[in-house]
Each structure stands twice: as structure tokens, then as C-alpha cells.
Amino acid sequence: MKKFHISLSIIICTLYISINASAQAPKELHVDGRYLKTADGTIVNMHGFAQTYSPWFNEQGTKWNNYNVNACLAYNKGLIDKILQVGWKMDFMRLHMDPYWSNTPGIQTTGEEDIHAFSMDRFKIYLEQVFVPMAEYAISKGLYVVMRPPGVCPQNIAIGDNYYKYLMQVWGYVAQHNKLRNNMAVMYELANEPVNIIQTGTSANKDLHDFFQAITDTIRHYCDNIVLVPGTGWQSNYTAYGEYPITGKNIGYAVHCYPGWYNSGVEGNVSVNYNEFRNGWKQQIGPVADFAPVVVTEMDWAPEKYNASWGKAVTGVAGGSGFGANFKKITDECGNVSWLLFTWPHLLAQFTDKAPTSGEYTFLNDPEACPWPCYHWYLAYRDTTWEAKDPYASSSLFPLTNDDFNPSIWEQGSFNESTGCLITGQYGFGGWEYSTPKDLSKYKYLIIELKKPQSCGASFRIFDEQSYWSDPFMQDFDNNVELKVELATMKRNQSRAKCDASHIYRVGIWSYGGGEIYIKRVFLSDDGETPTGISDTKLLIDNTEKIKDKSVFNLNGQRLSAPRRGINIINGKKYFVK
């Protein structure tokens, strides 16, 4: 991470804003590139919880039953109130339109994936009486709402099958509802946990795209609400969309993440390695996170002994072992990920921000279980003063646009900004030229990524002199899709003299010509991976400054007796103690 020199007690933050929930509707959202944004351009990453409206999911049938609409609404509205009253800084809720309401009573089913008892007439009735009123209530409390259809996907789905027709019917109706249509505080998660797509066309990847593209297009016929598209593998695999992205406006992707997924260790094994977890995430989620916002709509963890979470793991330490802290680190570094805590909402409503003074930990106050650290992470996301910045801000020197990228610096070439495809002329060079040299010396790395390997002898070149015929830094791509140039040590190709990163005139790609080179991005970095522009929030204070507030925590949500050197969370804000 880049280190900044700060002499005043000010907050510098390059993470992302989380909307301040209050007793008013949240600001409307839209998708802009890889981000959720408000109308004024503010980047939003949401943090929240989930509700399901059926007797069993509402404390195992102890609170209401027998299709009692009023009792259901009273109980679940009350939970929202309690969750906010105990201090959770939530700004979105996932709303399950549970099949309890839309299935015809008396017809036996084999599980939530069995849709043969589904009644469209009942769905219409209870959309009006239960789901829309709950969405409206959540919005009135400052929460965005992600609506998911009744039940879960069967093991196999296919274009044109009964489940495809079912989703078409449900979303075709929801998208027309006068209280939901174009309500930009409401998003639609198209399906829950697809597992496999049955190939009927040229490829399974194309079939998955076509399945959810058709549902998206049906919704778009009626409204512009944000659509969140699921992947296969129980919403863990999004590589198909890297090849065939869903097209249209306001498209994001809904992801699930549990211990044992994305190389994060096997469930029941709490030892999770950050690097393996991050690499798994990049392989399976990166293909969509690179160009669209991601919303994690299921995620939790806790030691198995509590029997209170779906995922079995510990919080651990960011960058080391453990699931929770590494999940947060990875999603923060990704920069465009919203996520929720899939813990039972009645347990969240029981939370108190008090560490135990004696006795054993409980699920709610154990720092190794999800509620305690997440409560304090949510505070830090919300109560710190945030300055929203694009984590690819350094990429502003290397925009992949027709106006800024010159494919014909040497010989006549072409560039397609929609695909990132460069075709140079014979022995040609395309890239970026600067009339005033750029100082890159304060950065450690310059990184270029391709979307796929090239086959035209491409090399990456950096010029520290004005003439194209000077001796630049050169590095061949060969079969690589990423090159990482250490700026302080780069040398000219022929003389092997050191290049001067403090005045760079030209950056780009040379090739034999005629071949396609698909450029993904070019950016500056201080850790070799994360684009410069992401760093920790830091408020500098003297060691001798008196802290009257005793609510002091480390970044894992563990209470401290006093601030320690480094980053502390004090009264919900991040402080850096010198």
C-alpha cells in the first residue's frame, strides 16, 4: 500500500462510502462500470443482513403460523427495528419471497427446489400483502432491498425448462408491479444458487449467459431496476460471464461465499490461507468483478461449537489464516463488493456491544464468530468520514479509450475501446504519449494485464526519453497475460542503463502487426497487485492524546484496554497511533 505523509489530524480514506441509514429512503442507485453509484457519482458498497418470511425461518415456527400475514409483518418489521436499535449500521436487506406463501397448501414437495406446488395466483396475493409491504418498510428505514425469487434452483437448469419458465413468470410479474417498477432502491437477484447448466447449444458458458440474459431482457421490458445475476456452483463460479457477460444497463452479479469455497479451506478446518483464498476469489469472481459490481448475498462463519452459522470457520487475521478477516480484506481490496451477514436476524437483534467480563464467549461476542467483528466493521465502514475514490485512479494515466489510446504511434494500427483490442501495424507500436513527461517514481510497480494470451510477438515498452527511437525498457509477453514492471529497477533494453521513472514520455505495446492484443488494464501499484488508490483509513493522533472513550478495538473487532501503535477503531472510527 502507498504510504502518505500527513501532519494534521485528518482522515484520508480511499475505501468506499457506505450510505448512512436513517429513517428515510436511501438514495437511488445505478450501475456505472464496475460500481454501484448514486446520482451524484458517489460509489456505494452496501453492508447488510437477510430476512426470510416463513414460520420455520422465523425462529422455527415459534412466532407465527397458519399464513398469518399480520403476525408475519409485525414480527419481521420488529426485527428490522431491533437490529437498527442495537446499533447495527446496515444499509441493505436481502428479502426472500419464500415459497411458503406461493405454494398451494396440502401439496407435498421434495424441497425448496420443487416448484410443482407453485401457484401464480397465490404469489400475486402475497407479493401484495407480504413482500411489497416488507420492502417498503425496509426502504423507509434507510435500507436498500435485494429481492430473490421463491425457493432455490434445482440441481440442473436448462434453457426452456420448467424452472426457466417459472423464473420468467415470476420476474415478468414482479417487474411490472407499480411499487417496485423503477424503484431504484429495489434490486432483483434472479435466482438462488444455480448448480449446473445443461448444455443445449455450442457451450455451457454460452447457455448460462442465454438463460439469464433472457430473464434480464424480460425485466428490462418493464423496468430499469438493478439486476443481480447468479453464477453456477451455488453462486460461486462466474467464469462464464467473463466470456459472455450479461448485456444491458444496471447489471451486477450476486455471489455467495462460505468457508471452504474459493480455496478458503475445507468446512470444519479453520486454517484458511489468505493467498489461496484471494487467488480462488480472483479466478472465480474476478471475471465479473473486473467490470461490474458484486453483491455477496450469503456469507457467514463461526466456530462449529456454536451451531449458529451456516459456515464453520474462525475470523483469524487479515493476510494470515482464518476466514472472516480474509474475506473482508479480499472484498475491500476488490473495491466494488457489497456484502451481508447471513446470520439469523433474531440473533442480530439480540447483539450487545459489550465484551464478556468473565465466563466463556458466546456466538454473539466471540471475536472468532462473525457477529462481533462484523458489527465493528460495519461501524468503521459507516462512521468514519469516507472519501470515495476509484481504486483504479492511477489508471487515469492509461485510459483504454479511443480519445486517449493511440494505436498508431508507429505504423498504422487500430484500437477498439469496447473490447480493448489493439492491432498494430507491421512492427508497429500503440499506447499513450505525454507531451509533458509523467513522474511514476513514487510508485513501485507498473502493471499491464491482457484478457487472454497474444500470438503476435507483443512486448511492453516504457520510454524515459522523448524520441521513439531512443532505447526503452522492453519486456516480451510471450504466453503471459500479466507483466509486472518494478519501476525502480527497470533498465533500457540495449545499454542496460537504468531507466528514469521520474519522467516517462511513452508507454505501450509493440508487435509484429496484424494480431489481436486484448488489453484488460494498465495501472500503478505499490504491492504488485492492488491498484494504487486503495489504502487504510488513518487518523493520526499523538501517543499522549487522552482517549476518554473506552470503546477501543483492533481491526478484528477485539476490544483493547487502550489504543495501541498502529490502526485502532475508537468510537467507531479508525485511528492511526504514531
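Colleague: By class, how many nonpolar, polar and charged residues are in the lining of the largest cavity?

Modeller: Six nonpolar, five polar and no charged. Here Ala, Val, Leu, Ile, Met, Phe, Trp, Tyr, Cys and Pro count as nonpolar, Asp, Glu, Lys and Arg as charged, and the others, Gly among them, as polar. Keep in mind that this is a predicted model, where local features need pLDDT of at least 70, side-chain atom pairs count only at pLDDT 80 or more, and totals for chains, interfaces and linings use all residues. Residues are numbered from 1 along each chain as its sequence is written, and side-chain values use heavy atoms, leaving out hydrogens and water.

Colleague: Which residues line the largest cavity?

Modeller: On a 1 Å grid over the protein atoms alone, a cavity is a set of points where a 1.4 Å probe fits but cannot get out, and lining residues have an atom within 4 Å of a point. Among them here are Ala50, Gln51, Thr52, Trp310 and Trp344. Strand β5 gives the most, with three residues; strands are DSSP runs (E, at least two residues), numbered from the N terminus.

Colleague: In what order do the strands close into a barrel?

Modeller: Strands of a sheet pair through backbone hydrogen bonds, either parallel or antiparallel. Two strands pair if DSSP finds at least two bridges between them. In this model, eight strands close up as β5-β6-β7-β9-β11-β12-β13-β14, with parallel pairing.

Colleague: How many bridges join β11 to β12?

Modeller: Four, between residues 226-230 and residues 251-256. Take leucine 228: its bridge partner in β12 is glycine 252.

Definitions and conventions. On a 1 Å grid over the protein atoms alone, a cavity is a set of points where a 1.4 Å probe fits but cannot get out, and a pocket is an open set with protein on both sides within 12 Å along at least five of seven lines; lining residues have an atom within 4 Å of a point.
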